[in-house]
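Here's a quick briefing on how two chains meet. Have a look at the model first, then we'll walk through the contact.

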Protein chains: 2
Amino acid sequence: MNIKIGDKISYRKTFTQDEVNAYAKASMDENPVHYDIKYARKTFFKKPIVQGLFTASILGGLLGSKLPGHGTILLGTNFKFINPVFVGEFISATIEVICIRNDKQIVTFHCFIIKEDSSIAIEGEAVVMYKGEVFI
Amino acid sequence: MNIKIGDKISYRKTFTQDEVNAYAKASMDENPVHYDIKYARKTFFKKPIVQGLFTASILGGLLGSKLPGHGTILLGTNFKFINPVFVGEFISATIEVICIRNDKQIVTFHCFIIKEDSSIAIEGEAVVMYKGEVFI
């Protein structure tokens, strides 16, 4: 594997209300706190928030598209959801290689997502298998 | 909390290609194995597969919409991705209460998703805080 400990990549993104609505429908995660501004205003969050696992989706995107990239098989994730992400907020997701098992081609990543105010939204680990793009 | 150990709920769903394409774009998880039939045919999977964290999204949906329901705050997830889920495949997701900390209103769920062939797609735990729908 052409991957070494310390390799990392980041990606900035904002989730739009349209994306959150489509995810709400597909995932059945239709809590009004995700899309109803009047409802959200009455809650602790004050503004619509992105579904936690949807926020985490860009960590999966980085793994599957960038590092290691196509051919990545996700084996496990362990995420803590520390602060909510608001619809329209710019966040920065980072994955960094922290462990490599060359014998089994298994790589562990430290994953985190930082909010606009520099607090942590999500933090955890992901374990993947990567044998490159294997065609049969 | 009106929740007890052993409470559980299930939901059956199939992910459509349109849903997978929209998620691929939003999450940047644009590996062609998720949407390109010709590419997928050459891989180990043979058919397009749903992104792992997108499959897990219905576990988040059950927590946020059904049990405990609106007002649920996701604190953590720990998922193992055991077998792939194909686009168009019927899967069954289940969450079951396995631990309750009434002092902190924290509930732990055993989560699993079963494939059409009865094998496990995803298995793990989710921890949530639930104080009901708290309005301020």
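How many residues does the contact take from chain A and from chain B? It takes 44 from chain A and 44 from chain B. Keep in mind that this is a predicted model.

**The interface overall**
- Chain A and chain B bury about 3600 Å² between them, with 62% of that on carbon and sulfur atoms.
- If you go looking for salt bridges between chain A and chain B, the count is zero.
- Polar contacts do turn up: eight residue pairs across the interface of chain A and chain B, both residues at pLDDT 80 or more.

**What chain A brings**
- Four elements of chain A each supply at least two residues to the side that touches chain B: strand S1 (8–14), helix H1 (17–27), helix H3 (52–65) and strand S2 (72–81).
- H3(A) gives the largest share of that side, ten residues.
- By residue class, the side of chain A that touches chain B splits into 22 nonpolar, 13 polar and nine charged.

**Strand to strand**
- S2(A) and strand S2 of chain B (residues 72–81) run antiparallel, joined by five bridges.
- Asn78(A) has Asn78(B), in S2(B), as its bridge partner.

**A closer look at H1(A)**
- Val20(A), Tyr23(A), Ala24(A), Ala26(A) and Ser27(A) are buried in this helix.
- The cover over those buried residues comes from both chains, including H3 of chain A and, from chain B, strand S1 (8–14), helix H1 (17–27), helix H3 (52–55) and helix H4 (57–65).

Key:
Residues numbered from 1 in each chain as written. Chains lettered and ligands numbered in written order. Predicted model: local features only at pLDDT ≥ 70, side-chain atom pairs only at ≥ 80, totals over all residues. Heavy atoms only, no water. Contact = heavy atoms within 4.5 Å. Buried area = accessible area lost by both parts, 1.4 Å probe. Salt bridge = Lys/Arg side-chain N within 4 Å of Asp/Glu carboxyl O. Polar contact = N/O pair within 3.5 Å; in protein donor to acceptor, adjacent residues only side chain to side chain. Nonpolar A, V, L, I, M, F, W, Y, C, P; charged D, E, K, R; others polar. Pairing = 2+ DSSP bridges. Buried < 20%, exposed > 50% of the residue type's maximum accessible area, 1.4 Å probe, protein only.
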